[in-house]
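Student: Hey, could you walk me through this protein? I'd like to start with the overall picture.

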Amino acid sequence: ELGAKYFRSLSVGDEITVLIGGEKFSATKIETKSGDYNSVACNVAGKGNRYLQFDKIIVPQEYIDSLKKVA
């Protein structure tokens, strides 16, 4: 749930970090044709476009901290 919330807060073109096979990769959020993100739609450096589960996104601590300030 946290990964989905974080991913949806980003703009197309924003940089993220994802886990694939236990390894961290840099990725860029991409736009899907439907415009509805039911998965992490991203362009992974060296691997091309991927559609991953939300639990594969690494949520930065700064984002988590910002949620605590709102609560």
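Student: Where does the model come from, and how are the residues numbered?

Tutor: This is a predicted model: local features need pLDDT of at least 70, side-chain atom pairs count only at pLDDT 80 or more, and totals for chains, interfaces and linings use all residues. Residues are numbered from 1 along each chain as its sequence is written, and side-chain values use heavy atoms, with hydrogens and water left out.

Student: Okay, how many helices and strands are in the protein chain?

Tutor: Two helices and five strands. Helices (H or I, at least four residues) and strands (E, at least two) are DSSP runs, numbered from the N terminus. From the N terminus on, the order is α-β-β-β-β-β-α.

Student: In what order do the strands sit in the sheet?

Tutor: The open sheet goes β4-β3-β2-β1-β5, with antiparallel pairing. Two strands pair if DSSP finds at least two bridges between them. The edge strands, β4 (48-52) and β5 (57-58), each pair on one side only.

Student: What about β1, how many bridges join it to β2?

Tutor: Six, and β2 covers residues 23-29. Those two strands form a hairpin with two residues between them, and G21 in the turn has a positive phi of about 60°. As for β5, β1 pairs with it over two bridges, and T17 has I58 as its bridge partner.

Student: Switching topic: which residues have the most contacts inside the largest nonpolar core?

Tutor: Y6, F7, I16, V18, V40, C42 and I57, in a core of 19 residues. β3 gives the largest share, four residues. A nonpolar core is a set of buried Ala, Val, Leu, Ile, Met, Phe, Trp, Tyr and Cys residues joined through side-chain atoms within 4.5 Å. Buried means under 20% relative accessible area, with a 1.4 Å probe and protein chains only.

Student: Which residues is V40 in contact with?

Tutor: Leaving aside neighbours within four places in sequence, V40's contacts include F7, I16, V18 and I57. Contact means heavy atoms within 4.5 Å.

Student: And what share of the protein chain is buried?

Tutor: 32% of the 71 residues.

Definitions and conventions: Buried means under 20% relative accessible area, exposed over 50%, partly exposed in between (1.4 Å probe, protein chains only).
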